[in-house]
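Dear colleague,

Please find below the structure that I am handing over to you. My notes on it follow directly after.

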Amino acid sequence: LEKTVEWIASQDAAQGALPTLRAATARDAVSGHYYAPDKMFQLNGDPVLVPIPKPAQNDAAARQLWDVSERLTGVRWSFE
């Protein structure tokens, strides 16, 4: 059972990096869009354009993540 779940719900690191690489390098990639695997529940497969998940649209959570990241890294970013 474990191997079956692993086969369905995971992929190796190289395959897992493909959505990020596509978003960063593909000529047809569009800023502000989201790429994820194309197979079952977006758990594995080739990167395709998908709707942005609701949690990723939460402005309060994004602000909190940014604040924590600045605090933990000691790096401040100015948007001016």
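Helices (H or I, at least four residues) and strands (E, at least two) are DSSP runs, numbered from the N terminus. This is a predicted model, in which local features need pLDDT of at least 70 and side-chain atom pairs count only at pLDDT 80 or more, while totals for chains, interfaces and linings use all residues. Residues are numbered from 1 along each chain as its sequence is written, and side-chain values use heavy atoms, with hydrogens and water left out.

I begin with N44, which sits in the loop between β1 (34–37) and β2 (47–50). Its relative accessibility is 11%, so N44 counts as buried (under 20% relative accessible area; exposed is over 50%, partly exposed in between; 1.4 Å probe, protein chains only). Neighbours within four places in sequence aside, N44 is in contact (heavy atoms within 4.5 Å) with W7, I8, A9, S10, Q11, P37, D38 and K39.

Two of these residues, D38 and K39, are also joined by a salt bridge, with the closest N and O atoms 4.0 Å apart. A salt bridge here is a side-chain nitrogen of Lys or Arg within 4 Å of a carboxyl oxygen of Asp or Glu. K39 is partly exposed at 48%, as is D38 at 40%.

By this rule there are four salt bridges. Among them, R22 and D28 pair at 2.9 Å, N to O; R22 has a relative accessible area of 24% and D28 one of 49%. R63 and D67 meet at 2.7 Å, N to O. These two residues lie four apart in helix α3 (residues 59–73), and are therefore separated by about one helical turn. Both are partly exposed, R63 at 43% and D67 at 37%.

With kind regards
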